[in-house]
Amino acid sequence: MDTITSYAHIKHNQVSVNGEIIFQSYPSLSLPEFLSEAYKALGVSYPKFHKMDAQCKLGFLCTEFTLNGTSFLTENDITKTAIVLSNAASSLETDRVHQHSIDDKSNYFPSPAVFVYTLPNITIGELAIKHKITGENAFFVSEQFDAGLLVNYTETLIQSGTEASVMGWVEVDGTNFEAFIFLAEKQKYTNKNAIFKPLNKTSVITIYNQTIWTH
Amino acid sequence: MIFTSYNNIISPLGFSSQENYQAVSNSIIGVKKLKLPFSQDEFCVAKISDDKIKTHLSQITNADTHTKLEQLSILSIQDVLNQSGIHPKDNRTLLIYSTTKGNIDILENAYKNIDNKRVYLSAFAKHLQSYFQLAHTPVVLSNACISGILAIIIAKRFIEQGNYDNVLVCGGDILSEFTISGFKSFNALSNEPSKPFDANRVGINLGEAVSTILITNQKELATPYNTQIVSGSSANDANHISGPSRTGDGLFQCLTQILDKNTNDIGFISAHGTATPFNDEMESIAFDRAGLNTIPVNSLKGYYGHTLGAAGVLETVLSLESMKHQRLIKSEGFETKGVTGNITMVESHQDKIFSSFVKTASGFGGCNAAALFKKI
């Protein structure tokens, strides 16, 4: 049985790591404001962050919070580390921005800096670049967070040589947003670390629902 | 063993795989200069004729309740169901849909009587599920330009895992102002039919297509090609979100994963070959690094343009036809080698005895994928 070794969840302007809220901002903050506050709280300097669209920023932050304090990147072969993400809206939030830029023929301003983010897997690309992770990629679109799909697919990857995986859900749609990232490693599950969970659908659903949000 | 089975291609070159293979064998190209409804300028694109689509709509129940992509997808999937005789309601059958933009024309207000929610890919997929009464909610894969070939690789993995016997892989994307304006803003479009791997290539043509292939573990369904999917892999360059690795790292990693030492029986490589300066250069370097210098390479983008989410499925189907006919398809648009990697191009249609081929793709987000297909 493979093991979930860390996870983070961002929702309702709060960041939870391994089930505990570690950062929260005012509920009234907009998504861009919240992302900026969470970036400051993370305390890293990564200039590329400022060029990203909201979905990539959200995925980046959630992944950083998940990786913080773990040895995931040093203990696993990054060429055999997969990134498997999912959401419901694909890249629709940025699609709307691009569409708006071409709606009016007298004010026509499509931009490559926007258009490149009209693919959901760009979030995977940003995570790969940040951490030099070069293994398998897949971006699935499903109506709701689908723990079974992610776990089943990761199991097939582990069967075909993948040793570790960054997985989860990164969604921005209008004012709604949510990110949930978890790390799976090819190591026998033991209960000696209380955070660790066996990689299966039940534990993914459990950790997804674990955080008690304060607002 | 996981086999390739019955399939369909709907493109400007025809509404079946056979029609498409015949057209390509006769060097008919689907790319043309056209005036599109949204612009005064002409664009060099591969567009499926609206009149041709209309002649097929009687095959669809309540055709006007579906978007263009839904209509084409229904026709394509229905053709594969008819040919194969598999039952969509079967609990052991899954549909994987590969697309980059799905019903993106809904954002352009293209429809009056369609629920705008179907711009969401999951709602689009559920619409297909309800049309065919599929037992399972389709899995939607949206991973840029590798989506099609990656969907085929994922189909193999899911069948091997034991949950399914048959996976229908359908890939589709339509021409839209959305994608055309975006690629134009990148200066990535060619105003003439594109020239993959050529010294004078300047960019891509966009195209539209839907292609479906059945992937199965049922030996009796392997009859169309008697070909198995030996291996498949994806990898990320971890280099840049909109430019490929200059050293072809991700694609090279895929190739080393899927190939064993003996590459003698590989008849050809069906490359991604978009005809952008950077993409083709990167691919040539990756093929060179992988020691595939003497294996002929073709790109089908010269016939179809870049069909995005359909490309990997469509190009796999035509490559299967090519292997069945033991005849290599010319890399249309190629005249003078314009890449630094030491590679061999398919410069004319030609007979060849061979038993396997490689399909590759690369895309935005630094993603790459490759798969090896082999006769059984």
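Before looking at strands, I noted that two strands pair if DSSP finds at least two bridges between them, and I kept in mind that this is a predicted model.

**Sheet in chain B.** I looked up an open sheet of three strands in chain B, which has the order E2-E3-E7 with mixed pairing. Its edge strands are strand E2 (32-35) and strand E7 (206-207) of chain B, each of which pairs on one side only. I then followed strand E3 (residues 42-46) of chain B to E7(B) and found that two bridges join them and that they run parallel; there, Ala46(B) has Gly207(B) in E7(B) as its bridge partner.

**Contact between the chains.** I next turned to the contact, to which chain A gives 42 residues and chain B gives 38 residues.

**Leu141(B) and the core.** Leaving aside residues up to four places away in sequence, I noted that Leu141(B) touches residues including Ala138(A), Phe139(A), Ile96(B) and Leu150(B). Leu141(B) is also one of the residues with the most contacts inside the largest nonpolar core, which has 182 residues. Helix H5 (residues 147-161) of chain B gives the most to this core, with nine residues. Because domain 1 (3-221) and domain 2 (227-375) of chain B both give residues to this core, I recorded that it lies between them.

Definitions and conventions:
Residues are numbered from 1 along each chain as its sequence is written. Chains are lettered from A and ligands numbered from 1 in the order in which they are written. This is a predicted model: local features need pLDDT of at least 70, side-chain atom pairs count only at pLDDT 80 or more; totals for chains, interfaces and linings use all residues. Two residues are in contact if their C-beta atoms, placed from the backbone, lie within 7 Å. A nonpolar core is a set of buried Ala, Val, Leu, Ile, Met, Phe, Trp, Tyr and Cys residues joined through C-beta atoms within 7 Å. A residue is buried if 20 or more other C-beta atoms lie within 10 Å of its own, exposed if 12 or fewer, and partly exposed in between; C-beta atoms are placed from the backbone. Helices (H or I, at least four residues) and strands (E, at least two) are DSSP runs, numbered from the N terminus. Domain bounds come from an automatic or database domain assignment.
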